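Hi,

Here is the structure I said I'd pass on. Have a look at it first, and then read my notes below.

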Amino acid sequence: MRNYLAKPFVWGTVLFLVIVLVQLTLSFDKNGGRLIYPIDDTYIHIAIARNFVEFGQWGISKYEFSSTSSSLLFGLVLAFFFKLFGAVEIIPLLLNILFSIGLIYTAERYLSSQKIDKYIIIITSICLVVFTPLTSMAVSGMEHTLHIVLTICFVFEGSRILSKENITFKDIVLVSILGVLIAMVRYEGLFLIATFSTIFFLRGYYIKSIVFCLIAISPVIIFGLISIEQGAYFLPNTIIAKSNAGELSDNKLWDFIYKTGDKFLYHISRLYLTVPIVLLSFILYYERKQKWSLIYYTALMTLAAILLHSAFASVGRFFRYEAYLMALSVFSIALWVGLHKENIAAYFKNYPYRTVLIVLLLMAPAVKRSYRSIGRTVQATHNIHDQQIQMAQFLNQNYSEATVMANDIGAIAFFNPDLKVIDMVGLGTLQTLDLIRKSNSDQEMRHGYQKIAKENHASLALIYDHWFEGQIPEQWKKTFTWTITNNVICGGTTVSFYATDPKEVDELMKSNNNYSLPDDVEVKKLDLSN
């Protein structure tokens with residue numbers, strides 16, 4: 001038993017599994033013994049993978065191609081296992097548990113290779129679990145745990161290669177493979193590819209840096225060309241709709257620059273990102289005389305990733321987008337601490353209270369972020385159960401082969417393979433994304449949504465009213481609403497059901513009357529007598 005406890009890997013793994021077990025147990029209890037993921041986007045991934053396997057179509061529905069996901073690799077991994085075992089809901093969770101354990105093991109192996117003290121590695125493994133927070137990312141069933149593993153592998157191996165005097169062909173192959181994988185797992189991997197390529201080029205490896213860059217971004221280029229051939233954009237709809245890329249692709253250069261700067265300042269003002277920026281900057285200053293060292297490049301690439309992500313990507317939203325930055329920061333700072341433990345120990349010996357106070361202050365923002373993420377996970381699953389899952393079951397019972405318009409498309413698409421889903425925010429439907437990007441007024445949006453509904457013979461719309469203020473077509477008739485309680489994750493507390501054709505109002509109301517909702521979901525039927 002003592003031999004097992006002496007292994008850092010065991011500490012982090014046991015803590016991770018215990019928290020995951022508690023979260024799943026509470027979630028099962030809250031959701032009638034059913035596995036529910038705490039975010040609707042998970043169901044988007046598994047719907048795409050299922051449609052790819054069963055219908056040969058990469059999209060949220062079997063009827064058309066849609067570049068809805070920015071994680072090509074995770075979708076393909078899911079498709080591989082769905083091909084073997086069928087589209088089983090538990091597969092994303094099991095994969096995430098494996099990826100998380102793999103992360104803890106990988107971090108231990110890398111730190112051990114640098115002769116880092118085992119107690120520092122134990123603390124690091126615990127911090128990875130808590131500050132990422134790894135448990136919430138795993139229970140979400142998405143690509144983030146795989147993204148974190150590959151990111152740490154790329155940064156460590158890339159830094160090791162950059163710190164060598166003679167870079168071999170084997171080194172180039174290794175870092176190129178890792179580059180391809182991080183580009184495929186999430187497009188944020190391009191930030192690290194750009195950073196490594198730039199450093200590599202400045203080191204004088206001009207041809208090799210260009211070759212590496214071209215190989216690493218090749219999956220993005222290939223998928224972009226496939227998307228264009230299918231009539232979509234080069235970048236996934238999610239990036240076009242959620243990031244600054246929309247302004248750049250529309251030739252609105254000044255809007256792009258302004259929004260990038262504004263986003264950057266807003267993101268770095270969040271203390272859980274400010275602290276790593278400050279610490280990594282200190283490490284770079286401290287190591288300025290050892291600019292070719294492993295720790296210098298690790299800190300540099302980590303800092304560059306945070307800054308680039310802050311400028312061009314998103315944070316928040318279940319704290320998942322920046323999870324890889326938190327894990328990478330923990331790893332990089334732990335590596336530096338482990339390599340300078342004697343100096344840090346001496347400082348602690350001379351200034352014990354000051355050191356403890358500094359550590360507590362630096363940890364506070366990350367602790368608060370993790371507390372909110374871990375604490376909300378179970379309730380988030382219940383929100384999804386009461387809203388997205390109920391919508392999916394309602395449609396399955398009454399409109400399983402119809403066309404519907406919605407703003408949350410994951411669960412309703414996955415549980416209704418014959419349903420045609422029109423995504424009103426454009427993530428899953430190119431037609432609506434074009435409408436959003438090209439319209440200049442609410443009137444144009446109303447006319448556009450009505451035209452899309454009519455062309456696709458949509459039977460109903462399930463939407464958050466506050467997302468579409470002034471944009472809901474006059475022809476649509478609001479029939480009833482569902483309201484959930486204690487919402488921590490859904491885009492809105494209340495979902496409104498509209499009959500897109502007034503003739504369908506009675507049928508929609510009848511379907512609602514025949515559907516049984518959980519007790520904590522409030523139904524409000526509208527008076528349509530006027």
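Before the sheet makes sense, one definition: two strands count as paired if DSSP finds at least two bridges between them. Bear in mind, too, that this is a predicted model.

On confidence, the protein averages a pLDDT of 93, and 96% of the residues score at least 70. Helix H8 (residues 144–162) has the highest mean of any element, at 98, while helix H14 (residues 245–249) has the lowest, at 55. Where pLDDT is low, the predicted coordinates should not be read in detail.

Now the sheet. It is an open one, built from 6 strands in the order E2-E1-E3-E5-E4-E6, with mixed pairing. At the edges sit strand E2 (420–423) and strand E6 (522–525), each of which pairs on one side only. On average, neighbouring strands are turned by 20 degrees against each other, direction ignored. As a reminder, strands of a sheet pair through backbone hydrogen bonds, either parallel or antiparallel.

You can see both kinds around strand E3 (residues 460–463). Strand E1 (residues 403–406) runs parallel to E3 and is joined to it by 3 bridges; one detail to look up there is Val404, whose bridge partner in E3 is Leu460. E3 and E5, on the other hand, run antiparallel and share 4 bridges, and Leu462 has Phe497 of E5 as its bridge partner. Which way do the side chains of E3 point? Leu460 and Leu462 go one way and Ala461 and Ile463 the other, and all of them are buried.

Further along, strand E4 (residues 477–483) pairs with strand E5 (residues 494–499) in the antiparallel sense, over 6 bridges. The loop between E4 and E5 holds Asn486, which has a positive phi of about 50 degrees although it is not a glycine. Asn486 counts as exposed because its relative accessible area is 56%, and the cut-off for exposed is over 50%.

Lys115 is another residue other than glycine with a positive phi, in this case near 60 degrees. Its place is in the loop between helix H5 (91–113) and H6, and at 73% relative accessibility Lys115 is exposed.

There is also a cis peptide bond, between Thr132 and Pro133, with omega at about -20 degrees. Look for Pro133 in the loop between helix H6 (118–131) and helix H7 (134–140).

Helix H10 (189–202) and helix H11 (206–216) are the elements that give two or more residues to the patch, with H11 supplying the largest share, 6 residues. Leu214 is found in H11 and counts as exposed, at 53% relative accessibility.

Met184, in helix H9 (residues 169–185), is buried, with a relative accessible area of 16%. Tyr266 belongs to helix H15 (residues 253–268) and is partly exposed, at 47% relative accessibility. From Tyr266 to Lys242, 24 residues apart along the chain, the C-alpha separation is 16 Å.

Cheers

Methods. Residues numbered from 1 in each chain as written. Predicted model: local features only at pLDDT ≥ 70, side-chain atom pairs only at ≥ 80, totals over all residues. Heavy atoms only, no water. Axes fitted to C-alpha atoms, helices over the stretch in contact; angles between N-to-C directions. Buried < 20%, exposed > 50% of the residue type's maximum accessible area, 1.4 Å probe, protein only. pLDDT = per-residue confidence, 0-100.
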